[in-house]
Amino acid sequence: GLERGAKNQFSTFSNFITTINQKKEGIGSRNSPTQLVIPNIKNVRELPPICLDVRQKQRVSIDTLPQELKAPVPPEPSLPIRTKTVKDFQDDVEKAKSSGDWRTVHDFYSTTFDSFLEINAAFKKDTNSPFNTIEDSGINAKFVNVVYDALLNTPQDVQKSVLKGVINGLLQEWKGPRTKDDLRAYCILLQNPQFSNTSTYVIYAHLLRQIAALTEADQHFLVHWSKKISQRRFKQVVDRLLQFISLRLFPAKPEEFPPMVKCTWWIPSATKVLALFNAANSLVSPPIISYTDFYNSTLDHIDLMEEYHNWQCYANSHRFSFCQYPFIISIAAKKVIIQRDSEQQMISIARQSLVDKVSRRQKPDMNMLFLNVKVRRTHLVSDSLDELARKRADLKKKLKVTFVGEAGLDMGGLTKEWFLLLIRQIFHPDYGMFTYHKDSLCHWFSSFKCDNYSEFRLVGALMGLAVYNSITLDIRFPPCCYKKLLSPPIVPCDHNTLVGICDVTLDDLFQIMPELAHGLSELLSYEGNVEEDFYSTFQVFQEEFGVIKSYNLKPNGDKIPVTNQNRKEYVQLYVDFLLNKSIYKQFAAFYYGFHSVCASYALLLLRPEEVEILVCGSPELDMSALQRSTQYEGYQKTDPTIRYFWEVVLGFSLDLQKKLLHFATGSDRVPVGGMADLNFKISKSETSTNWLPVAHTCFNQLCLPPYKNKKELKQKLIIGISNAEGFGLE
């Protein structure tokens, strides 16, 4: 069936596999050289070191495996001797192209991919060396790349010979643990570009199934070897796996694949292999590819709440859920899960309030279904603090804000205004809660000691309410803050357990205090005598309200000199002191405030970077998308003023575009759902064209006078957006 031509060249492999499986069932336990021995995925253990169920609080490092997990290394069989070099192969391909005689190339491909031993004979850098370490796979990557790059440009019979060889390799009956040569073969086969073609998916699925069924120790090797693959090839493998999952979920031609009920293991196998590459990516700093490259947007269109429910209800079973592998779920999909989970909690708490009221024979009041916050503008922070402290039981209800003495129904605008005013006041330098670092353009917690940290709890609750109510805040915290916020992601039952403490590095300090971090970096690389030249001890000094206070980084630190030998320890303790210990009480209050609103298993799905995007929005601007989704009041999109406006805005620098967005919405970042979620509106202002544009940030509305020409509009718009700070909130 493998020789029938290009159109359905691989169509019979499914029948071939089915026939073999039927024979296997028929002959019972008798051994047969033609049996397809592929482990039953149901009997295969999950892969905790590669992608732990995110419910587990302690993550096992894939760098350290217990001794009992390290399977004995079986002896490597002798490899055939193959002497063809990269240049020899390239010469053969060139000759074949010019002469039309592909026999030599065909023989090379058919021999090389005929078995795992032959794959190693061709691509192993030194057939006499074992290459049994995680540091070096022993694969001649350049040769592999050249062979695969040439493959798709060869005649069909050559390509079919490769797939036939792969089938032979997968049909071998494995007994005992895999050899390192087997792992090398898996690593090489995963890079085969033929698996981008849906006609090869049955073969590809069996390859993925075998890799997913490997022991932890074997997968440990594959993870470390994969991180050595070039960025382009690495991304190709990841994209291929994502495409495989997408097309199995939503096939363009369902008849191309076996029925879903017969291959339920396809998607779990591919996802587990993808988890290996995600683990490899996380081991490298900076990562090989962005974490967003692992998102599968196809999952945005499945029943996400069913996935979430299965994950919650069947966490300890072998039932598969994409929530076990949150790296594959996009931030947009995670936001949907969090919002729906929030809505369910809101409805549940509101229903309980209603039942309690009725059971006490009291008249139900619609206000009891909401978190009603009433504040005075003149006492904004203290009133907000009192309201949230008094109504802790209502924090998971829908938020509604009222400003005392003002007539106004909160349809979203008052809530946003409350957030904007409160955040601006709390983060003002004179308030003293946060320190603004101009070098990094971000805020950090003040280390000043105080008697009451309730205001830090208020800020945490504000952030939680913003996520819960889908409000984007104009807050500038460094990434380290969100890492601490998820440490741990679920509030521990034991109140003595430390919270908000995470592993911090010099890189984290660079994002907050770059000048200090640079100085510590210089200390680490200093070539002279550190003890004599710096004369420092394991002690730090901080100014608090005009008084210099000292703190020991370790017991008797003031008596321990910093030397060339212990400077790494000094730097690590210093960074830990600044980012963890010196602000512990402040951050713990902030942590509990956030989780008092957002406590949910859905937080386990999030990376720190994703929490930041949910709170502050994305920094990626797409003004063309904003143009497409903008609504108009008093204008048509074809009016000259509107045409001038978009010509000017699309020609703005990124800095001016950010200023415009901040001017009109109160933030220069974009919600998770993109520009369309801003509900941006341009209204006609019936005023003189001598006036500047006006913005109603609570409604994301820009009021634009009908300027007569493009030059005037550009001039007035730039003046307006560049000098808006301090004009007050419209």
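Visitor: Which strands does helix α26 lie across?
Guide: Helix α26, residues 654-665, lies across β9 and β10. Its angle to β9 is about 60 degrees. Axes are lines fitted to C-alpha atoms, for helices over the stretch in contact (heavy atoms within 4.5 Å). Angles run from 0 to 180 degrees between N-to-C directions. Helices (H or I, at least four residues) and strands (E, at least two) are DSSP runs, numbered from the N terminus.

Visitor: What are the ground rules here?
Guide: This is a predicted model: local features need pLDDT of at least 70, side-chain atom pairs count only at pLDDT 80 or more, and totals for chains, interfaces and linings use all residues. Residues are numbered from 1 along each chain as its sequence is written, and side-chain values use heavy atoms, with hydrogens and water left out.

Visitor: In what sense do β9 and β10 pair?
Guide: Antiparallel, over 3 bridges. Pairing takes at least two DSSP bridges between two strands. His696 stands opposite Gln701 in β10.

Visitor: What is the strand order in the open sheet?
Guide: β7-β8-β10-β9, with mixed pairing. The edge strands are β7 (631-633) and β9, each pairing on one side only.

Visitor: Where is Cys698 placed?
Guide: In the loop between β9 (694-696) and β10 (701-704). The unreviewed UniProt entry annotates Cys698 as "active site". Such annotations may be inferred rather than shown by experiment; feature names are shortened and positions follow the numbering used here.

Visitor: Is Cys698 buried or exposed?
Guide: Buried, at 10% relative accessible area. Buried means under 20%, exposed over 50%, partly exposed in between (1.4 Å probe, protein chains only).

Visitor: New topic. Why is α7 largely enclosed by the rest of the structure?
Guide: Because 10 of the 10 residues of α7 (180-189) are buried. The covering elements include α4, α5 and α6.
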